[in-house]
Each structure stands twice: as structure tokens, then as C-alpha cells.
Amino acid sequence: MSAWASLISLFKPVADLINNVHTSDEERLQIQAQLFQIQAELTQRVMEYETKLLEAKARTIQAEAQGQSILQRNWRPLTMLCFLALIVCDSFGLLTFRLSVEAWDLLQIGLGGYVAGRSLEKIAPKVTDVMSKK
């Protein structure tokens, strides 16, 4: 479960409870405003954490890409190409064995992580600038 989904699932029952409590409209709105403020603060902290995590991953990929060894610079793309070749061969029945579902999952994670990592590497500084201006 992602951090966002966890955060939403944490606050939804509390918000529902506030709506069902028999208090005045003013008290209910005040409590809802406080809950929303707490949720906004937690959301900001989660975003800061995920930004730092992505920056660390981006630094790792960048360090590998700038490495002196050809193998160090290219091991991730080579690994994904090997998995892609295995999956294409499996799809056409060219292998003597069938790949497990985990192989498909690994390819999705690898390609998704690499593409998302590269995209977020470019987006993270902009998000950080926007968040620091608030």
C-alpha cells in the first residue's frame, strides 16, 4: 500500500466519525479544520520524505552512470534488456520452460522504477522549489 493510500485510509474513518458525532455545526467545522490541518502537515512530510528518497535514488543512478567501468554504467539497462528478451521469448513459446509471474513483476518494477526514477529526477527539484516557497 502506498504512503498516500495509507494516509487517506488513516483519516477517512476519523472524518466520518466527526460527521456522525452530534455536536454543533461550529464545533464540527472546527474539528474538521483541525483534522484537515493535521492531514496537510502529514501529507507535506510524506512528500518531503518521498522527495528525499527519490533524490537518493537519482544520485545512485547518476553515480553509476558516471562510473569509470562500462559494466558499472550499464548494468541496470543490460539487466532489463535480458529480462525483456526472456519475456519476449516466453511470449512466443521459444523457451523450454515457462517464466513465472515474478519475472513479469520484476520487469515491470525495473522498467517502471527506471522510467519513474528518471522522470522524478527531473521533477523533484521543481516540486521542492514550490514546496519551499509556501
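Analyst: A helix axis is a line fitted to C-alpha atoms over the stretch in contact, and angles run from 0 to 180 degrees between N-to-C directions. The model discussed here is predicted.

User: At what angle do the axes of helix α2 and α3 cross, and is α2 parallel, perpendicular or oblique to α3?
Analyst: Helix α2 spans residues 25–65, and its axis comes within 7 Å of that of α3. The two axes cross at roughly 125°.

User: Which residues of α3 make the contact with α2?
Analyst: On the side of α2, the contact involves Thr60, Ile61, Ala63, Glu64 and Ala65. On the side of α3, the residues are Gln72, Arg73, Trp75 and Arg76.

User: What pattern does the protein chain follow along the sequence?
Analyst: The secondary structure consists of four helices and zero strands. Read in sequence order, the pattern is α-α-α-α.

User: Which residue forms a salt bridge with aspartate 90?
Analyst: Aspartate 90 is found in helix α3, which covers residues 70–91. The count of salt bridges comes to one. Its closest N and O atoms are 3.6 Å apart, which is inside the 4 Å cut-off. The partner of aspartate 90 is arginine 98.

User: Is aspartate 90 buried or exposed, and which is arginine 98?
Analyst: A residue counts as buried under 20% relative accessible area and as exposed over 50%. Aspartate 90 has a value of 3%, so it is buried. Arginine 98 has a relative accessible area of 63%, and therefore arginine 98 is exposed.

User: How far apart in space are cysteine 89 and leucine 99?
Analyst: Cysteine 89 lies in helix α3 and, at 27% relative accessibility, counts as partly exposed. Beyond neighbours within four places in sequence, cysteine 89 contacts Leu94 and Leu95. Cysteine 89 and leucine 99 are 10 residues apart in sequence, and their C-alpha to C-alpha separation is 9.7 Å.

User: What accessible area does the nonpolar surface patch that includes Phe92 have together?
Analyst: Phenylalanine 92 lies in the loop between α3 and α4, and its relative accessible area of 64% makes it exposed. The patch is formed by Leu71, Trp75, Leu78, Leu81, Leu84, Val88, Phe92 and Leu94. Together their accessible area is about 840 Å².

User: What share of the 134 residues counts as buried?
Analyst: The accessible surface of the protein chain comes to about 10,300 Å², and 64% of that belongs to carbon and sulfur atoms. Of the 134 residues, the share that counts as buried is 15%.

Definitions and conventions:
Residues numbered from 1 in each chain as written. Predicted model: local features only at pLDDT ≥ 70, side-chain atom pairs only at ≥ 80, totals over all residues. Heavy atoms only, no water. Salt bridge = Lys/Arg side-chain N within 4 Å of Asp/Glu carboxyl O. Buried < 20%, exposed > 50% of the residue type's maximum accessible area, 1.4 Å probe, protein only. Helix = DSSP H or I, 4+ residues; strand = E, 2+ residues; numbered from the N terminus. Patch = residues over 30% accessible without salt bridge, like charges linked within 9 Å, V, L, I, M, F, W, Y side chains within 5 Å. Areas by Shrake-Rupley, 256 points an atom, 1.4 Å probe, with all protein chains shown as cover. Contact = heavy atoms within 4.5 Å.
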